[in-house]
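Please open the model in a viewer and keep the selection panel at hand.

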Amino acid sequence: MIKSINQVYSIIRPSLADTRLPIVIDSPHSGTDYPFNSGIIAPSEALRTTWDAFVDELWSIAPPLGAPLLSARFPRAYIDPNRAPEDIDQAMLDEPWPTPLTPSAACLRGMGLIRLNALPGVPMYAGKVSAAEVRYRLSQYYMPYHSALKTLLDDAHEKFGHVWHINCHSMKSVGNAMNVDSGVARPDIVISDRNGTSANPAFTEWAAAQFDALGYKVQINSPYQGGHIVHHYGMPTQHRHSVQIEIKRGVYMDERNAEKAEGFEQLQRDLETFVTALAGYAQQKMKEK
Ligand SMILES: [Zn+2]
């Protein structure tokens, strides 16, 4: 196993001679290291709820099976790699952004590239955010993360002619007022492919069926359809399949105390079963080509 680590991300991968699976795993919301002088005033308990707790650890089963795992080390509440770089609300900034901005619906709920609120009614900043600061976060954190992800995906695609990319997240057991499904209890797992455009929908169905067979309640493209990362990298006509997998935190952790709970090890074993099955699925699909 080889581990590369810097201030932006860590990559754990099988030894170079042993990258034997056309599978890439990424965990963009696993970071907890807030850079110095970020201007963030939200209390740490509120910030902690924005963290995809233990997701990188859950999926650390993948490298020993032959697939690299990329994990962000900076928090998504600092800058969110799962948003487009233009997904900014101009009203948050101290000066006009020089190029056109396209704030998404999530951004207007406070969850864009730069987060407005940690939780409903809990602001991230005391005032406006400097545009220069946003440019710094883009160039020093966002871009390097994307560049590392693109390299892993391109390397796998070049070697195998295909890549299956799992973009990993966790979700609160019940959505809050900043979420599209406020107040609704969520299923155990949500798998999304931008409504069949970031992966072959048959692959998404296959993935959902694996978790269903393991006893999880699974939904596809509801309440999430997938974020910027799967949208940006998934190109199923070029044998590049990207799906987003959200796991409900109540399955594996105590959300109040942000601690692992009893279900953690079972879930980790089930993810190992899933990645093993995915390796077989990928071999089969590559033969059919
Ligand atoms: Zn996430």
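Begin by selecting Phe74, which is buried, with a relative accessible area of 0%; buried means under 20% relative accessible area, exposed over 50% and partly exposed in between, using a 1.4 Å probe and protein chains only. This is a predicted model, in which local features need pLDDT of at least 70 and side-chain atom pairs count only at pLDDT 80 or more, while totals for chains, interfaces and linings use all residues. Residues are numbered from 1 along each chain as its sequence is written, and side-chain values use heavy atoms, with hydrogens and water left out.

**Aromatic pairs**

A pair of aromatic rings is described by the distance of the centres and the angle of the planes. Rings of Phe, Tyr and Trp (its six-membered ring) pair if their centres lie within 6.5 Å; planes under 30 degrees apart count as stacked, over 60 as edge-to-face and the rest as tilted. By this rule the count comes to 15 aromatic pairs.

Phe74 lies in the loop between β4 and α4 (105–108) and Tyr145 in helix α5 (residues 131–160), so the pair ties together parts that are 71 residues apart in sequence. Helices (H or I, at least four residues) and strands (E, at least two) are DSSP runs, numbered from the N terminus. Tyr145 is also buried, with a relative accessible area of 0%.

Next, select Tyr78 and Tyr141, an edge-to-face pair at 5.1 Å centre to centre with 85° between the planes. Tyr78 belongs to the loop between β4 and α4 and Tyr141 to helix α5, so this pair ties together parts 63 residues apart in sequence. Tyr78 counts as buried at 1% relative accessibility, and Tyr141 at 4%.

Move to strand β2 (residues 9–13): 4 of its 5 residues are buried, so the strand is largely enclosed by the rest of the structure. Strand β1 (residues 2–5) runs antiparallel to β2 and is joined to it by 4 bridges; two strands pair if DSSP finds at least two bridges between them. The two form a hairpin with 3 residues between them. Select Lys3 to find its bridge partner in β2, Ile12. β2 also pairs with strand β4 (residues 69–72) in the antiparallel sense over 4 bridges, and Ser10 stands opposite Ser71 in β4.

**Nonpolar cores**

Which residues have the most contacts inside the largest nonpolar core? They are Trp59, Ile166, Ile245 and Phe274, in a core of 43 residues. A nonpolar core is a set of buried Ala, Val, Leu, Ile, Met, Phe, Trp, Tyr and Cys residues joined through side-chain atoms within 4.5 Å. Helix α8 (263–288) is among the elements giving two or more residues to this core, and its 10 residues are the largest share.

Centre the view on Phe274, which touches Trp59, Ile166, Trp206, Ala207, Gln210, Phe211 and Ile245, not counting residues up to four places away in sequence; contact means heavy atoms within 4.5 Å. A second, separate core of 38 residues includes Phe74, Ile88, Ala156 and Tyr233.

**Arg240**

Finally, select Arg240 in strand β10 (residues 240–248). Arg240 counts as buried at 12% relative accessibility. Beyond residues up to four places away in sequence, its contacts include Leu153, Asp154, His157 and Tyr233.
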